[in-house]
Amino acid sequence: MSVPESVEKRIEELREQIDYHSYRYYVLDSPEISDEEFDKLYKELEQLEDQYPQTITPDSPTQRVGKRPTGQLKEVNHSSRLYSLDNTYSEAEIRVFDDRVRRILGHDRVDYYAELKIDGLSIVLLYQKGRLVLAATRGDGVTGEDVTENARAIRSIPLKLREPVDIEVRGEVFLPKSEFEKINQDRSEKGLAVFANPRNAAAGTMRQLDSREVVRRRLDAFFYQIANPGDYGLNTQAETISMLRQIGLRYEPNGRLCHSVEEVISYWKRWRDRRHDLDYAVDGIVVKVDRIDLQDELGYTSRSPRWAIAFKFPAEQAETTLNDVSFQVGRLGTITPVAELEPVQLAGTTVKRASLHNFEYIRERDIRKGDTVVIEKAGDIIPQVVSVLSEKRTGLEKSISAPSSCPICEGPVGKEKKEDVAMKCLNPGCPAKTEKRLALFASRNSMDIEGLGEKTIERLVEAGMLSNLADIYKLKKEELLALGKGIGEKTAENLITMINRSRSRPLHRIIVGLGIPGVGVKIARDLANYFGSLSVLRDATQDELESVPGIGVELAEKIYSFLNSKIVKEELDILEHELEPEEEMKTVDKTLKGQSFVITGSFETLTRKGVEELVISRGGIFSSSVSKNTDYVVAGSSPGSKLDKAKKLGIRILSEKDFLALIDGDDT
Ligand code: AMP
Ligand code: ZN
């Protein structure tokens with residue numbers, strides 16, 4: 001298919017606009033359009049490229065993520081050595097640095113450019129004619145690793161610069177604090193090892209072999225250096241930063257030209273106290289001689305430049321006693337141990353509690369009640385217990401064990417799977433999980449209550465207006481209005497209408513919304529078909545549940561104990577009266593009851609979904625793979641291996657026509 005000229009033009013236009021707005025957003029920090037408008041442009045481009053794949057170029061803004069994981073990371077030799085920096089921690093040392101610089105240069109006064117030192121991972125980017133061709137980590141300074149695929153997945157790194165230059169730039173990839181916390185919380189809930197700090201998290205992410213994972217983690221990057229600055233007529237570090245900005249690279253915006261060491265020190269003090277306001281971790285400042293000719297004159301030692309130095313902020317660690325351990329229950333029911341500390345001053349705040357992440361974390365570090373522990377603000381975020389000073393033990397310390405019941409609902413506690421590290425409250429109705437349950441119930445596949453999204457649910461739960469599923473149907477317009485902020489007359493009214501409309505959703509959707517472990521849309525349909533009403537389902541014994549085709553012993557047991565747990569029972573007692581489910585689609589017809597179907601290939605008059613619905617609406621069961629329990633395989637054109645298997649097992653095979661005949665009841 002050839003590409004119409006108008007389409008080609010539009011694609012071009014969209015790419016330019018997207019690049020421009022990314023630049024406004026990431027580099028200039030002054031977006032002109034909203035995120036939604038941006039997404040719209042992006043989606044339009046995606047659609048056009050989908051339709052005309054021959055128009056896709058590697059630097060199109062849609063081409064950030066590789067389709068497949070790459071193998072190992074390749075080694076890259078750097079064009080020139082990447083140095084590390086000398087560190088200082090005190091005013092006295094920074095004055096020594098300044099004295100030495102001025103002595104070597106023979107100047108009374110030297111300008112310094114002071115920048116925040118981002119606590120991330122060094123990266124080098126190579127652009128040819130403005131196109132990103134290589135990204136590499138620092139490695140040992142001589143050889144690094146090729147991380148081009150992953151760098152492309154970082155949205156703030158342009159695939160194409162605003163000018164077609166050949167250039168090598170250096171900078172720092174980092175993970176915003178907010179993302180760092182999210183990832184750690186998520187990892188902790190999943191029982192994975194947590195990252196000690198944003199730097200490790202960024203490094204770990206950059207070395208991922210699958211760039212799709214990198215996109216999910218929202219890495220970011222700042223650039224601060226241009227290799228061979230003389231080639232671009234640059235005279236100072238300040239000019240370097242302007243050039244980075246001009247060609248479209250993101251830079252940390254708080255850098256400052258200082259005319260004396262005193263100014264450097266006050267810059268350092270200001271950011272030492274204010275660094276918590278930033279969404280990225282900074283562990284100090286970097287002081288650079290501003291003039292590039294002077295930098296060259298000063299040169300390098302074997303490991304670092306003589307013209308720059310890192311002036312670090314004091315480590316945010318403190319020692320205190322761990323008095324006790326309490327437990328928090330997360331939204332997924334994960335039980336997180338929290339250290340109750342002897343209050344201690346740390347980075348300007350009094351810290352009384354610190355995260356212990358999970359029980360594995362405690363075991364690995366052998367943390368005990370009564371221990372003297374070191375706590376740290378990792379990249380000044382939530383304080384965590386990093387280690388135990390075991391030499392201070394008295395022998396009275398007590399080991400920490402998981403609680404025997406949920407601290408919120410007193411339900412049973414355990415691991416969901418044997419290999420899990422995370423301990424969870426196993427009571428599906430645990431109020432700690434309320435918000436998640438409500439969100440599922442209101443979601444598209446379930447009761448489909450438009451306007452009752454996670455944000456709104458969170459507010460309603462916080463306001464005490466929702467604490468179980470039945471509460472949804474008790475909400476009043478006036479109550480919603482009383483919440484204020486963003487909930488006006490119209491919104492409130494719409495929400496009530498949508499809630500009322502959901503009262504008549506068919507039974508299988510209600511079942512989906514209950515969030516019974518192991519019960520998705522398909523099983524919910526089977527249950528609805530079999531039992532016909534919520535009250536009959538609720539009365540079902542374990543044996544009856546087991547006799548539903550497709551439901552085994554284990555699942556029957558789960559469903560039974562869920563429906564009969566105290567909290568769910570009480571909730572359903574009320575909920576049942578609020579709902580008047582409309583009939584399942586034509587469930588009256590039970591001609592195919594208990595018969596199991598598999599489809600393969602494609603059909604002329606029916607869609608695969610259509611076949612599925614016809615089967616289910618007649619009480620049949622749908623399965624994705626052929627087994628000896630399969631009754632029929634419906635085979636369309638170009639069928640797959642399922643057909644061979646069916647033949648081997650001697651299962652009845654139906655053409656589309658045969659199938660329609662069967663449905664119409666004239667089975668021969
Ligand atoms: P270190 O790893 O402690 O030797 O510190 C040197 C590293 O600090 C460099 O390799 C960079 O990765 C990083 N860094 C962060 N921000 C800057 C900055 N503004 N200028 C120079 N290096 C920086
Ligand atoms: Zn619980």
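Q: Which residues of α1 are buried in this predicted model?
A: In this predicted model, helix α1 covers residues 5-27, and a residue is called buried when its relative accessible area is under 20%. The residues of α1 that are buried are V7, I11, L14, R15, I18, H21, S22, Y23, R24, Y26 and V27.

Q: Which elements do the buried residues of α1 pack against?
A: The buried residues of α1, among them I11 and I18, can be followed to the elements that they touch, where contact means heavy atoms within 4.5 Å. The elements packed against these buried residues are α2 (35-51) and α8 (237-247).

Q: How many Å does helix α1 reach from its first C-alpha to its last?
A: Helix α1 has 23 residues, and at 1.5 Å a residue a span of 33 Å is expected.

Q: Which side chain has an N or O atom 2.4 Å from an oxygen atom of ligand 1?
A: The residues around ligand 1 include E115, L116 and E172. A nitrogen atom of ligand 1 lies 2.7 Å from an N or O atom in the side chain of E115, and a nitrogen atom of the ligand is 3.3 Å from a polar backbone atom of L116. The side chain with an N or O atom 2.4 Å from an oxygen atom of ligand 1 is that of E172.

Q: Which element gives the most to the shell around ligand 1?
A: The elements that give two or more residues to this shell are β10 (282-289) and β3 (112-118). With four residues, the element that gives the most is β3.

Conventions: Residues numbered from 1 in each chain as written. Chains lettered and ligands numbered in written order. Predicted model: local features only at pLDDT ≥ 70, side-chain atom pairs only at ≥ 80, totals over all residues. Heavy atoms only, no water. Near = heavy atom within 4 Å. Polar contact = N/O pair within 3.5 Å; in protein donor to acceptor, adjacent residues only side chain to side chain. Expected span 1.5 Å × (residues − 1). Buried < 20%, exposed > 50% of the residue type's maximum accessible area, 1.4 Å probe, protein only.
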